[in-house]
Amino acid sequence: MGLSRSEQMSRIRGRNTSPERLLRSALWRAGLRFRLQSRTPHGRPDVVFAKARVAIFIDGCFWHGCPEHYVRPRTRNEFWSSKLRENVERDRRQTLQLEALGWRVCRFWEHQVFESMLELVETVRSALRDEQWAPYHSWRVIQVDALPGEGDMERRWMEDLRSPEVRHSVEAKRSTKKWKRALNQSGSTL
Ligand SMILES: [Zn+2]
């Protein structure tokens, strides 16, 4: 059975509206010029302003531990926990290494591209200007433990992107707010 027209359209839209593409075209429209596929001494950011030494990464909400959208898988807890931790540690290492070399690193969540693009463009602008840039604070989920008892409660541990010693945890009902779903809903308005 073939795809309906609306299914075909949503597939096409899916390809053209990856968060990376959307951010790149918003930056371009804002008059900011950068190179595609540039490397840095530490990794390959999604957007690189090589001369100004500004690197921009877009982090997927699930894989990088977004506090709003990380959803604890029901099975293989140890596997997923160590995967999450590895990703956050890689993000941290990359960020700190670049910053140690004088780079300014912006790490945006996938969901921010759809929810607050103007803010992101402004953040990039201020990173490109010399004055008044301070790396901003960003929480990452690093582990989620199911709590015993009824009610599907869990404890979510979070760490600061740059400082692992800055951490806290919250107890809450199991989060099920995956970003993917929100993306499909807002896709039609893009
Ligand atoms: Zn998110």
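Good morning. Please bear in mind that this is a predicted model, in which local features need pLDDT of at least 70, side-chain atom pairs count only at pLDDT 80 or more, and totals for chains, interfaces and linings use all residues. Residues are numbered from 1 along each chain as its sequence is written.

I begin with arginine 76. Its phi is positive, about 50°, although the residue is not a glycine. Arginine 76 sits in the loop that runs from strand S2 (54-59) to helix H3 (77-100); helices (H or I, at least four residues) and strands (E, at least two) are DSSP runs, numbered from the N terminus. Is arginine 76 buried or exposed? Arginine 76 counts as exposed because it has 9 C-beta neighbours inside 10 Å. Here, buried denotes 20 or more other C-beta atoms within 10 Å of the residue's own, exposed 12 or fewer, and partly exposed anything in between, with C-beta atoms placed from the backbone.

The second residue is aspartate 152, also not a glycine, with a positive phi of about 60°. Aspartate 152 belongs to the loop between strand S4 (139-146) and strand S5 (153-160). With 12 other C-beta atoms within 10 Å, aspartate 152 is exposed.

Let me turn to the strands. S4 and S5 pair in the antiparallel sense over 7 bridges, where pairing requires that DSSP find at least two bridges between two strands. Arginine 140 stands opposite glutamate 159 in S5. The two strands form a hairpin with 6 residues between them, and glycine 149 in the turn has a positive phi of about 105°.

S5 also pairs with strand S6 (residues 167-173), in the antiparallel sense over 7 bridges. Methionine 153 has lysine 173 in S6 as its bridge partner.
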